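Colleague: Could you walk me through a few backbone details of this protein? I have the sequence and the fold open beside me.

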Amino acid sequence: MNPHDFSSELAELDAQTLLRTRRVVSSPCGAEIMIDGKRLINFCSNDYLGLANDAALIAAAQDGAQLYGVGAGASHLVCGHSEPHEALEHRLAEFVGAERALFFSAGYMANLGVVTALLGRDDAIFSDALNHASLIDAARLSRATIHRYDHLDIVALDTLLAESKARRKLVVSDAVFSMDGDIAPLDQLMALCERHDALLLADDAHGFGVLGPQGRGTPAHFLAHCDTYFDTPSPRLIHMGTLGKAAGVSGAFVSGSAGLIEWLMQKARTYIYTTASPPLLAYALLTSIDLIESGDARRAQLAARIAQFRSQLKLRRWRLAASSTPIQPLIIGDNQEALAVAKALMERGLWVVAIRPPTVPQGTTRLRITLSAAHSEAQVDHLTNSLMELEAR
């Protein structure tokens, strides 16, 4: 086999119906998008609050470009850290109730930066079996001992933490799991971290902006009953949230204690050694946080569409996973059937993608349906009716 020829490997992926393809979108992200010249109702973006094409964010980005140009020109620690970056970090820390926050160019980079800055060979990481790929890769790169526990198995995690003699222990978990839509019990995870002297990294990519009071995220969703939470956040909690999903723009943040954030600024290689993201994005994100904070009506609309979808969809063969979040996984199982259903939906004007292994476990190929505050009741009706008709074939 020619090691420089990938045709056989690509053919094997194709034979297993695992070959990925791209579609070119020729419109802004929204409830409807243009793909290959066809207007489709979009049920697969992470634009949960419908902010990606919001007029206020567009205006803020335009103002940011006029004030600060397009590129940052250097990394944050050279000359790329602009006034909007600094203001955004302060705004994010205040919003989620943390001492400090650090702005990263992407959630993947944030997770890699945090885990590798905190852990080494003498340390241990405890990872949920269904964590996002960025957390899995971060654990491997850290060179720490990796303990993988079954999905949401708190008892197993408790045992693993109790048995560990590591110098530093870090529990890592999606807050809202990206392919399943279920929510990690952060209150229970925090209790275990207190009991076993561990840190908790909560990847809140799909909870920030949606869950918690004013959309402050999954930690606030669980800890809102604690009156002192925003005044005295736990130093054990490391909160990572992305800003290209519900926030509608781009980037990510990590929040936590002042000492933690200072350490990450000194040691997180994915922060130190990359050009800062354009200041105009940070400038736009300041408006985005305002819209999230005042966005209870959007979250109510989103909750109504989720409830409508779950109540209307009646299935016999396929399985709708248990989820109260905008991520609604429809488990079909077979790769070929899932691809055929996605194609049939596209023919009906609906854009939903099939998610296959290795992104999800073998035998759980699914349609990852995502709902947005921008969807109308009629659009959700069209989706549920189409799915029930296709299943009955």
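This is a predicted model: local features need pLDDT of at least 70, side-chain atom pairs count only at pLDDT 80 or more; totals for chains, interfaces and linings use all residues.

Colleague: Which strands stand at the edges of the open sheet of three strands?

Modeller: Strands are DSSP runs (E, at least two residues), numbered from the N terminus, and two of them pair if DSSP finds at least two bridges between them. The sheet order is β1-β2-β12, with mixed pairing. Each edge strand has a single partner, so one side of it is left without a neighbour in the sheet; these strands are β1 (32–35) and β12 (350–351).

Colleague: In which sense do β2 and β12 pair?

Modeller: β2 (residues 38–42) meets β1 in the antiparallel sense over four bridges. With β12, β2 forms two bridges, and N42 has W351 as its bridge partner. The sense of the β2 and β12 pairing is parallel.

Colleague: Is D36 buried, partly exposed or exposed?

Modeller: D36 is found in the loop between β1 and β2, and has a positive phi of about 50 degrees although it is not a glycine. Buried means under 20% relative accessible area, exposed over 50%, and partly exposed in between (1.4 Å probe, protein chains only). At 48%, D36 is partly exposed.

Terms used:
Residues are numbered from 1 along each chain as its sequence is written. Side-chain values use heavy atoms; hydrogens and water are left out.
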